[in-house]
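Please keep the structure open beside the text as you read.

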Amino acid sequence: MTSLSMLLFFMFTSQLLFSPVCFGFYPRHYALSPTRRHWWFPAGATWYGEARGDGSEGGACGYGSAVGLAPFSSMIAAGGPSLFKAGKGCGACYQVRCTDRSLCSGRPVRVVIADECPGCLSEAVHFDLSGTAFGAMALPGKADKLRNAGILPIQFSRVPCEYSGRKVAFHVDVGSNPYYFSVVIEFEDGDGDLAGVSLQESQRDSLLSSEWMPMQQSWGANWMLNAGYSLQAPFSIRLTSLNSRETLVARHVIPAGWTPGATYYSPVNYGY
């Protein structure tokens, strides 16, 4: 075989092995494209809860009744293991669509991972959608028929989260106290999901800067710090996104005199 023939053979086989478009290969974490070009991959979908409801209030991510309100607006999904990622997938945004022309509009709808479906193992990727989100894929007047489809073959694409001017919300757990701080984090633009969270208390000495203390993922979108001593507010919180590893610092977002059960909002969000 000539050198030119060997080169052409190598280029052809490389395309066969690594082309995501023709052969369905997709990266493990369904990474966001920096060009925002959408790559569509196969998955299965079911629905749960009320036919026009928000799935299950509470859920494994800890968003509670917020899933039925704007900006979630009931457009949520319980993710199978490959999407939920033991809670690290909470907050990630996807577009989903179905392609049965007799029932489906073909238009993509955006959903947020807000719950877990541990038994959704029939496919490598599975979305257990709220009744509202599942019906949104249907042609007008066909939502009820679509909900009778059983496990529905769909396509999905990872997309940036965009909450239209919303700032990151920090909902302080009711069990928090000066020694133990726990918070559910919502409405992060961009990746939507988090790899890590750190807390910085106010400076105890004007000559020393306080260190960033890593928080532990307690469950879902809930992160906690068990300091073992009385923490000094106000607190700054630093977020690290899961896919891009970008950081965002919410300075003094938790004020002095903070209250368990209260929600505080950052003046900043990721730049999407």
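## Overall picture

In the protein chain, 71% of the contacts with a separation of 6 or more are between residues 24 or more positions apart, where contact means heavy atoms within 4.5 Å. This is a predicted model, in which local features need pLDDT of at least 70, side-chain atom pairs count only at pLDDT 80 or more, and totals for chains, interfaces and linings use all residues. Residues are numbered from 1 along each chain as its sequence is written, and side-chain values use heavy atoms, with hydrogens and water left out.

The chain holds 5 helices and 15 strands; these are DSSP runs numbered from the N terminus, with helices (H or I) of at least four residues and strands (E) of at least two. Of its 272 residues, 47% are buried. Buried means under 20% relative accessible area, exposed over 50%, and partly exposed in between, with a 1.4 Å probe and protein chains only.

## The barrel

Let us start with the closed barrel, whose 6 strands follow the order β1-β5-β2-β4-β3-β6 with mixed pairing. Two strands pair if DSSP finds at least two bridges between them. On average, neighbouring strands of this sheet are turned by 50° against each other, direction ignored; the axes are lines fitted to C-alpha atoms, for helices over the stretch in contact, and angles run from 0 to 180 degrees between N-to-C directions.

## The open sheet

The order β11-β12-β8-β7-β15 describes an open sheet of 5 strands with antiparallel pairing. Its edges are β11 (216-219) and β15, each with a single partner strand, so one side of each has no neighbour in the sheet. From one strand to the next, the twist averages 35°.

At one end of that order, β11 runs antiparallel to β12 (residues 222-226), joined by 3 bridges. Tryptophan 219 has asparagine 222 in β12 as its bridge partner, and glutamine 216 stands opposite methionine 224. The hairpin of these two strands has 2 residues between them, and glycine 220 takes a positive phi near 50° there.

## Two nonpolar cores

A nonpolar core is a set of buried Ala, Val, Leu, Ile, Met, Phe, Trp, Tyr and Cys residues joined through side-chain atoms within 4.5 Å. The largest one has 49 residues, and those with the most contacts inside it are Tyr63, Phe72, Phe127, Leu129, Met137, Leu146 and Ile154. Strand β4 gives the largest share of this core, 5 residues. Leaving aside residues up to four places away in sequence, isoleucine 154 touches a set of residues including Phe41, Val96, Phe127 and Met137.

There is also a second, separate core of 25 residues, with Val183, Met213, Met215 and Ala233 among them.

## Aromatic rings and charges

Which ring pairs are worth a look? A search of the whole structure finds 11 aromatic pairs. Rings of Phe, Tyr and Trp (its six-membered ring) pair if their centres lie within 6.5 Å; planes under 30 degrees apart count as stacked, over 60 as edge-to-face and the rest as tilted. One of the pairs joins phenylalanine 181 and tryptophan 258, with centres 5.3 Å apart and planes at 85°, so this pair is edge-to-face. Phenylalanine 181 lies in β8 (residues 180-186) and tryptophan 258 in the loop between β14 (247-254) and β15 (263-265), so the pair ties together parts 77 residues apart in sequence. Phenylalanine 181 counts as buried at 0% relative accessibility, and tryptophan 258 counts as buried at 15%.

Tryptophan 258 also forms a tilted pair with phenylalanine 235, at 6.2 Å centre to centre and 50° between the planes. Phenylalanine 235 lies in β13 (residues 235-241), so this pair links parts 23 residues apart in sequence. Elsewhere, ring pairs join Phe41, Tyr94, Phe127 and Phe156 into a cluster. The charged end of arginine 158 sits over the ring of tyrosine 94, 5.5 Å from its centre; such a charge needs NZ of Lys or CZ of Arg within 6 Å of the ring centre and within 35 degrees of the ring normal. Arginine 147 likewise lies over the face of tryptophan 47, at 6.0 Å from the ring centre.
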